[in-house]
Amino acid sequence: MSIEKFTPNWMTEEHQMVYDSALKMFKSWESKDEQWRKNGMIDRAAWEEAGAMGFLCASIPEAYGGGGGDFGHEAALLYAQAEANQSGFGGTVHSGIVAPYILAHGTEEQKKEWLPKMATGEYVAAIAMTEPGTGSDLQNIKTYAVKDGEDYIINGSKTFITNGQHANLILLACKTDRDKGAQGVSLIMVETDKVTGFERGRNLDKIGMTSQDTSELFFSNVRVPQKNLLGTVEGMGFIQMMQELPRERLIIAISGIGAMKLAIDLTLDYVKGREAFGKPVWSFQNTRFKMAECYADYLAASSMCDAAIDAMLEGKLTVPHASLVKYWVTQKQCDVIDECVQLFGGYGYMTEYPIARLYADARVQKIYGGTNEIMKELASRFM
């Protein structure tokens with residue numbers, strides 16, 4: 001007997017099939033996970049496998065090499081990845097964030113050039129916004145590009161960049177007019193295998209998501225063709241980012257749902273099998289109450305995300321809604337997993353247990369994609 005989550009409106013039979021197939025693939029990676037965590041990144045072969053399975057760029061039209069699906073297909077993949085505890089795979093950034101930027105704002109030539117390579121895994125994509133001195137303050141980034149003939153020459157640095165070690169294609173936020181604030185920001189695509197002056201810094205040592213490569217990037221007189229400007233007009237980068245950030249924030253929340261579900265499942269198995277004072281930990285009322293509270297939070301957060309996915313599919317997901325969903329779900333994710341760790345006792349603090357890795361992986365959810373404090377500030381402006 002179990003409490004089943006309501007089937008959401010967006011989850012069709014096809015979405016369910018994608019979820020089931022992806023969950024099988026992600027779980028097949030479990031035997032490699034420990035080594036990936038030691039290496040600080042997953043293998044490039046995993047990207048190629050995901051591409052061969054059709055799990056890269058699933059929502060990109062078939063005309064550009066994608067799966068021809070919708071955001072629901074991305075959501076199904078996100079749930080599967082989180083429930084398999086494979087936080088190291090940066091497909092969420094590659095397929096869920098960078099590819100839609102190109103689809104929505106790129107020229108026809110740009111779409112045909114980059115999206116098919118992303119769909120197969122030939123290219124791994126990253127988005128480089130954050131800088132050492134600016135954090136979430138995207139209007140004041142220092143990385144800049146100046147015109148020289150038919151090229152841009154780019155200088156600057158970025159940090160905390162997911163897929164930074166693997167990336168062949170980087171969506172770079174930079175200033176094309178340093179005398180302006182937001183109006184001076186542009187997005188330029190950098191193909192790392194075709195340029196000089198680009199360097200990858202160290203693969204950053206994090207407390208969680210240890211199998212995901214997260215890097216510093218450096219640009220020293222990097223020459224990029226002007227045709228790599230995303231779109232056709234300079235100074236549109238900030239507007240483009242603001243239009244796409246609701247998607248990114250919903251993606252973060254969705255991954256939190258999958259992590260909550262896995263944490264609850266792991267903890268239920270543990271407390272029903274573990275004994276304390278001569279009887280199962282499950283027999284204590286406090287344990288049952290805590291697990292019921294965790295499941296209620298999971299159901300509430302799931303319903304919030306499902307409504308947001310419906311809105312996303314209808315083109316109606318707004319900045320305040322996405323901000324509040326991201327804030328509330330990631331906070332609940334951390335709360336729920338913390339309760340689960342407590343019920344594991346000392347074993348919950350041991351990294352050999354998946355619950356400990358879930359706990360460490362969860363903390364950044366309240367930071368990236370815009371801190372939860374910024375999410376509340378953004379939402380409050382619409383009140």
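A: Leaving out residues up to four places away in sequence, Gln-240 touches Tyr-101, His-105, Leu-187 and Leu-230, where a contact means heavy atoms within 4.5 Å. Gln-240 lies in helix α7, and with a relative accessible area of 6% this residue is buried; here buried means under 20% relative accessible area, exposed over 50%, and partly exposed in between, with a 1.4 Å probe and protein chains only. Helices (H or I, at least four residues) and strands (E, at least two) are DSSP runs, numbered from the N terminus.

The model is predicted, with local features needing pLDDT of at least 70 and side-chain atom pairs counting only at pLDDT 80 or more, while totals for chains, interfaces and linings use all residues. Residues are numbered from 1 along each chain as its sequence is written, and side-chain values use heavy atoms, with hydrogens and water left out.

Tyr-101, one of the residues that Gln-240 touches, is also among those with the most contacts inside the largest nonpolar core, a set of 93 residues in which Val-98, Ile-102, Met-118, Met-241, Leu-250 and Ile-254 are listed alongside Tyr-101. Such a core is a set of buried Ala, Val, Leu, Ile, Met, Phe, Trp, Tyr and Cys residues joined through side-chain atoms within 4.5 Å. Helix α7, which spans residues 237-273, supplies the largest share of this core, 14 residues. Val-98, not counting residues up to four places away in sequence, touches Val-93, Met-118, Ala-125, Ala-126, Ile-127, Leu-171 and Met-189. A second, separate core of 19 residues includes Ala-128, Ile-170, Leu-172 and Cys-174. In soluble globular proteins, nonpolar side chains tend to be buried together.

The buried residues of α10 are Ile-355, Ala-356, Arg-357, Leu-358, Asp-361 and Ala-362.

Beyond its neighbours within four places in sequence, Leu-23 is in contact with Ala-80, Glu-83 and Ala-84; Leu-23 and Ala-84 are 61 residues apart in sequence, yet 6.5 Å apart in space, C-alpha to C-alpha.

Met-209, in the loop between β6 (198-203) and β7 (214-225), has a positive phi of about 45° although it is not a glycine, and at 11% relative accessibility Met-209 counts as buried. Phe-277, in the loop between β8 (275-276) and β9 (279-280), likewise has a positive phi, of about 55°, without being a glycine, but Phe-277 is exposed, with a relative accessible area of 81%. Most residues other than glycine have a negative phi.

As for the chain as a whole, its secondary structure comes to eleven helices and nine strands. The radius of gyration is 21 Å, close to the 21 Å that the globule rule gives for 383 residues, so the chain is as compact as a globular protein of that length; this radius is taken over C-alpha atoms, and the rule is 2.2 Å times the number of residues to the power 0.38. Buried residues make up 55% of the 383 residues.
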